[in-house]
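Hi there,

Here is the structure we talked about, with the sequence alongside. Have a look first, and then read on for my notes.

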Amino acid sequence: MLPDHLAHEMNILFIGFNPGLQSEKEGHHYANPTNRFYTVLKEAGLTDCKLKPEEDHMLLQYGYGLTNIVDRPTRGAADLTGEDYAKGREKLHKKIAMYRPKVNCFVGKGVYQRFSGMKKVDWGFQPVNQIEGVRDFVAPSTSGLVRMSLDELTQIYSKLLK
């Protein structure tokens, strides 16, 4: 199982769908070479250098954490079941309540939709937060399958600094 990187009172907790097979194999978040997560963080000004997947634990030094709504690795999010999400929502809610990040950044609209049960979601800070005292932010997935440009991704992620 891919380890979470969590600390109390993080500035931002990045929450993905679930570990991909490559990330699970390598033991690091966002390890697929086509994933732009670490590039986006650097370009958006969230980190001062582009971290490598094997440096994922170093995000804690920036006040950032990493977890997923579902622990089970799959080829893609389409392989997750309703039961996976039901269990994952419960576990994620407990993690957020325990660690109390300032912001939950859901990496993908679908992640937030599965967590919140909301159908219509826009990018950025949400008008309603799921856990009192923790702001919710929805950002696009950084997967290479997402057809947004690096520029578009960076503009959205940079709003986390505001």
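**What I found**

UniProt, in an unreviewed entry, places the feature "domain: Uracil-DNA glycosylase-like" at residues 5-150. UniProt positions are given here in the numbering of this model, with feature names shortened, and such annotations may be inferred rather than shown by experiment. Please keep in mind that this is a predicted model, where local features need pLDDT of at least 70 and side-chain atom pairs count only at pLDDT 80 or more, while totals for chains, interfaces and linings use all residues. Residues are numbered from 1 along each chain as its sequence is written, and side-chain values use heavy atoms, with hydrogens and water left out.

The end C-alpha atoms of residues 5-150 lie 25 Å apart, and the span is 27% helix and 15% strand. Helices (H or I, at least four residues) and strands (E, at least two) are DSSP runs, numbered from the N terminus.

His5 lies in the segment before β1 (12-16). With a relative accessible area of 12%, His5 is buried (buried means under 20% relative accessible area, exposed over 50%, and partly exposed in between, using a 1.4 Å probe and protein chains only). What does the side chain of His5 make a polar contact with? The partner is the side chain of Asp56, at 3.3 Å. A polar contact here is a pair of N or O atoms within 3.5 Å; within protein, one must be able to donate a hydrogen and the other to accept it, and residues adjacent in sequence count only if both atoms are side-chain atoms. Leaving aside neighbours within four places in sequence, the residues in contact with His5 (heavy atoms within 4.5 Å) include His29, His57 and Leu60.

Thr74 sits in the loop between β2 (64-68) and α3. Thr74 is buried as well, with a relative accessible area of 5%. A polar atom of its side chain lies 2.7 Å from the backbone oxygen of Gly76. Beyond its neighbours within four places in sequence, Thr74 is in contact with Asn18, Pro19, Gly20, Leu21, Asp79 and Leu80.

In helix α4 (residues 109-116), the buried residues are Val111, Tyr112, Phe115 and Ser116. Seen down the axis of α4, they fall within an arc of 110°, so they line one face of the helix; the arc is that of the directions from the helix axis to the C-beta atoms. These buried residues pack against β1, α3 (82-99), β3 (103-107) and β5 (135-139). Just after α4, Gly117 takes a positive phi of about 80°.

β5 is mostly covered, with 4 of its 5 residues buried. β3 and β5 run parallel and are joined by 5 bridges, with Phe106 opposite Val138. Strand β4 (residues 124-125) runs antiparallel to β5, with 2 bridges between them, and Phe125 has Phe137 as its bridge partner. Two strands pair if DSSP finds at least two bridges between them.

**Cysteines**

How many disulfides are there? The count comes to 0, taking a disulfide as a pair of cysteine sulfur atoms within 2.5 Å. Cys49 is in no disulfide, and the nearest cysteine sulfur, that of Cys105, is 19 Å away. Cys49 is partly exposed, with a relative accessible area of 34%, whereas Cys105 is buried at 0% relative accessibility.

Best wishes
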